[in-house]
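I am opening my notebook on a structure that is new to me. My plan is to look up a few places in turn and to write down what I find at each.

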Amino acid sequence: MPDGGPRIRRRIRVVGVVQGVGYRPFVYKLALRHDLTGWVLNDPEGVLVEVAGRPEEVRRFTEGLSGQAPPQARVTGVRVEELPAAAEAEGFTIRESLHGGLRTTVVPADSHVCADCLAELRDPADRRYRYPFINCTNCGPRYSIIRDLPYDRAATTMAAFTMCRPCAAEYGDPLDRRYHAQPNACADCGPRLLLAGPDGEVAGGGEALAAVTAALTEGRIVAVKSVGGFHLAVDARNAEAVARLRARKRRDSKPFAVMARDLAEVTGFAEVRPAEADLLLSPARPIVLLRKRPGGLPEQIAPRNPNLGVMLPSAPLHHLLVDHTGLAALVMTSGNISGYPIVHRNEDALAQLPEVADLILYHDRDIEVRVDDSIVRYSEHPGLDEPVVSFIRRSRGYAPYPVEVGADLAPLVAYGAELKTTVALSGGSQVYVSQHIGDVKNDETFVAHRAAVQHLAELHQLRPRHAAVDLHPQFRATRFAFEEQGKAFEHVVPIQHHHAHMASCMADNRLTGRTIGVVFDGTGYGLDGTIWGGEFLLGDYHEARRVAHLRTVPLLGGDKAVTEPIRTGFALALDAFGETSAAIGAFPVLEGLDEQQRHVFATMARRGINAPPASSMGRLFDGVAALLAITTRAEYEAHGPVELEGLLGRDFTMAERDEGYRFGLLEHDDVTEIDPRPLVRALAADVAAGLDTAVMSRRFHTAVVDVVVERCRALRAEGTGQVVLSGGVFLNEFLLVNCLVELRAAGFDAYCHRQVPTNDGGISLGQVVVADARLAGGER
């Protein structure tokens, strides 16, 4: 035992993302560096350490536990307990994991290929040269392969692969980069590539990779099994190949994502600001929405859109594809049949994807959890003190990291919304929000929805006693939860959709107290049984009162109005001008409707036949896009609004006030109705004057910003200046950024989402905190 003065003994608890990220070997090396004795182990709460040594060295060691942590670690707490001096064992050891006790450790997200592994992948002298599943403690799949905690190989889908002697030696050496890297493998003992064509398996290993690289170079479509599911890949510079993919996927307009070989390649077809480069290069490797460069990639990749969704390779196989095809950019879009979740099982890929793909490149390492690519956007404005990073979809690389809300919660599960849904479970003061699941209207996604709840609950040993659901009585998850009331759940708490949106943004920013919620989306079931979507709410977590809303227009044909926004355009024009002939005369695009359609639509609107009234801001955007002849039929959700905003070219300049449009205001029983009829009439006048469509789009967007600020000014008399912005319409960058700027300039504390999406992907978080507030007075 080294001498040198008195020695102390400490037990240290480290919590956060500290398993599956090389944390124990890091602690081992740190202890040796500071001449400490003791041990480290994993347990269900995180990492537990006991050390003894000179006081100054113990202090430096303790500081290093968070300050020098491995790149994939997220240390959220270090608690130190003094222990009495005792006889010390020689050296420092890594002990076996403990499996009993309360699970509070955080599951690590899937991570990109680290620089060390990438160098080995490209080194002909390395034994893992071109091995598609190379990884170490600093990188590789995590959440997508985990079945249980603590994170050990037997609790992952790698349990089926027995390590060879060299791999086992690495795995057992605390000084090796692959010490306890659970997916550790090589070509001799690990997963292998397989290739299937129309008639079944055609190749494996290196032959499979060679066949795929040749196919992509020839312009063929290949389904590729990635970390969390399958992608459909084609050469991004081959316009004919992109068009072929669109035809087979029956997707004429929805943007495709692009994967580029490296950052230098991206700058050739998109503008990349430093913060966007940081996002692209981050361990999560999300899709980042970047501004297109003219003449870069074929327009078919993202038609009539100023943005491109771009990502860098996140898996070793991706690097091999771009390295060896000679193709520096590939379209990489979700491998699924329209309306269904991304395919992640081999058997499903082989059954479903041949109708789209010429070849299917897969492997025999199972994906336990389906995880789509995350999508983020970076926005900055001179009027903002800080930039805004928004999640459009939160999934691979970020899920299932919890949201800390700052107060202990009742044991709850929240089932989210019907579309773009996520689920959430509470544990202590944390809310574990799942990866993006999708639209639970079909059976397969609903099965995935229930599986996500079970998986999160089992991973963290959460036992929810209560359920939070959407107020809509016909939502599948709502019906399911009520069927389980009295069996699985003590209480099922139905929560109004827009209140959940508002509360989600409050919890996202750890806000409390009286708040103005500006919630704009497509549709949500209202407290009065009608369709809401353009709402100003006032309240807190416990309750929220509707204080203003958009004037309703009839949704002609119900859900058909979503896919045929010309119907909403007609309803808006009819409401503004009163007569069918005047409405048709005001907007030339309506002349495309035949006489029978006009008559039927007008009758539906006036008599309320299959035409439920909706106060929806999303539908207003749909209708305006249709009246301007931008999008009369929608191929994907928010198709018209996306192209309407696209005309602005990510330029946040507001229209001049004397040129802008204005909403009217009507008062009914202490609730303000925001009337779009004056705006629609002004729009018609500009159409008649032949004004440029982009100018009209800017005037419309400015009018929406203005009415948000005006209503919030009026509501300040209610005693609060705290405003949250939520709902899918706030994915509109112009609207979000300018509302934040103008509200803050007017003296408001204005907030948007930061950790979860503003669309329905974030609503499960809000359901948890609202349900908790309502249960607070009762038995939990």
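I began with V222, whose bridge partner in β15 is L359. This is a predicted model, in which local features need pLDDT of at least 70 and side-chain atom pairs count only at pLDDT 80 or more, while totals for chains, interfaces and linings use all residues. Residues are numbered from 1 along each chain as its sequence is written, and side-chain values use heavy atoms, with hydrogens and water left out.

Strands here are DSSP E runs of at least two residues, helices are H or I runs of at least four, and both are numbered from the N terminus. I take two strands as paired if DSSP finds at least two bridges between them. β8 (residues 222-225) runs parallel to β15 (residues 359-363), and three bridges join the two. On β9 (residues 230-235) I found four bridges to β8, in the antiparallel sense, with L232 as the bridge partner of A223. A hairpin of four residues leads from β8 to β9.

Are the residues of β8 buried or exposed? Buried means under 20% relative accessible area, exposed over 50%, and partly exposed in between, with a 1.4 Å probe and protein chains only. V222 and V224 point one way and A223 and K225 the other, and all are buried.

**The open sheet**

Next I looked up an open sheet of five strands, with mixed pairing and the order β4-β1-β3-β2-β5. From one strand to the next the twist averages 15 degrees, where axes are lines fitted to C-alpha atoms, for helices over the stretch in contact, and angles run from 0 to 180 degrees between N-to-C directions. β2 (residues 37-43) and β5 run parallel and are joined by three bridges, and T93 in β5 is the bridge partner of W39.

Helix α1 (residues 23-33) lies across β1 (8-17), β2, β3 (46-53), β4 and β5, and runs at about 175 degrees to β5. Helix α2 (residues 55-67) also packs on the sheet, where it touches β1, β3 and β4, and its direction makes about 5 degrees with that of β1; contact means heavy atoms within 4.5 Å.

**Helix α9**

I then turned to α9 (residues 316-325), which is largely enclosed by the rest of the structure because eight of its 10 residues are buried. Among them are P316, H318, H319 and T325. After α9 comes G326, whose phi is positive, near 80 degrees.

**R551**

R551 sits in the loop between β26 (544-550) and β27 (553-554). With a relative accessible area of 18%, R551 is buried. Leaving aside residues up to four places away in sequence, R551 touches several residues, including D575, A614, E673 and D675. R551 and L620 are 69 residues apart in sequence, yet 10.0 Å apart in space, C-alpha to C-alpha.

**Cysteines**

How many disulfides does the structure hold? I found zero, a disulfide being a pair of cysteine sulfur atoms within 2.5 Å. The sulfur of C139 has its closest cysteine sulfur in C114, but at 3.6 Å that is too far for a bond. C139 is buried, with a relative accessible area of 1%.
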